[in-house]
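Dear colleague,

I am passing on the structure below, together with notes on its cross-links and charged pairs. Please read the notes with the coordinates open beside them.

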Amino acid sequence: VQLQASGGGLVQPGGSLRISCAASRSIFSINTMGWYRQAPGKQREFVATITSGGSTYYAESVKGRFTISRNNARNTVDLQMNSLKPEDTAVYFCKARARASAYTGELDYWGQGTLVTVSS
């Protein structure tokens with residue numbers, strides 16, 4: 001199972017950015033998909049997650065500013081980030097809880113991360 005994140009970059013405070021993550025098309029099934037982030041010198045933290053049914057959950061620090069969405073047919077998850085702040089600067093990682101095949105149980109799979117820098 002491979003997850004490929006894209007869309008990171010440099011954005012000014014108050015700006016917007018959309019990052020995406022695509023999982024292998026050959027995955028048997030995907031339960032939840034989500035985003036985590038890790039700022040320099042800090043531990044990785046939860047940002048947002050979305051279930052296969054579309055229920056969403058957000059960290060308090062991003063509620064009202066970030067929106068997570070997914071396309072089940074394409075095995076993709078996006079994170080729309082608005083009103084960005086310098087403290088949102090981090091490497092953003094996508095995660096999928098999935099079954100690689102009909103013969104395996106659910107495991108967590110991680111993407112390689114995409115850097116988001118919020119700075120003027």
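A disulfide is taken here as a pair of cysteine sulfur atoms within 2.5 Å. The model is a predicted one, in which local features need pLDDT of at least 70 and side-chain atom pairs count only at pLDDT 80 or more, while totals for chains, interfaces and linings use all residues. Residues are numbered from 1 along each chain as its sequence is written, and side-chain values use heavy atoms, with hydrogens and water left out.

A search of the whole structure gives one disulfide, which joins Cys-21 to Cys-94 with an S to S distance of 2.0 Å. The torsion about the S-S bond of Cys-21 and Cys-94 is about 50°, and the disulfide is therefore right-handed. The pair links distant parts of the chain, since Cys-21 sits in strand β3 (residues 17–23) and Cys-94 in strand β9 (residues 90–99), 73 residues apart; strands (E, at least two residues) are DSSP runs, numbered from the N terminus. Both Cys-21 and Cys-94 are buried, where buried means under 20% relative accessible area, exposed over 50%, and partly exposed in between, with a 1.4 Å probe and protein chains only.

Turning to the charged pairs, a salt bridge is a side-chain nitrogen of Lys or Arg within 4 Å of a carboxyl oxygen of Asp or Glu, and by this rule the count comes to seven. One of them pairs Asp-88 with Arg-37, whose closest N and O atoms are 3.0 Å apart. Because Asp-88 lies in the loop between β8 (76–81) and β9, and Arg-37 in strand β4 (residues 29–38), this pair ties together parts that are 51 residues apart in sequence. Asp-88 and Arg-37 are both buried.

Asp-88 also forms a salt bridge with Arg-65, the closest N and O atoms being 2.8 Å apart. Here the link runs from the loop between β6 (56–58) and β7 (66–71), which holds Arg-65, to the loop between β8 and β9, which holds Asp-88, 23 residues apart. Arg-65, like Asp-88, is buried.

Another salt bridge joins Arg-97 to Asp-108, with the closest N and O atoms 2.7 Å apart. Arg-97 is in strand β9 and Asp-108 in strand β10 (residues 107–110), so the pair ties together parts that are 11 residues apart in sequence. Arg-97 counts as partly exposed at 34% relative accessibility, and Asp-108 is partly exposed with a relative accessible area of 34%. Finally, salt bridges that share partners join Arg-37, Glu-45, Arg-65 and Asp-88 into one network.

With kind regards

Conventions: Helix = DSSP H or I, 4+ residues; strand = E, 2+ residues; numbered from the N terminus.
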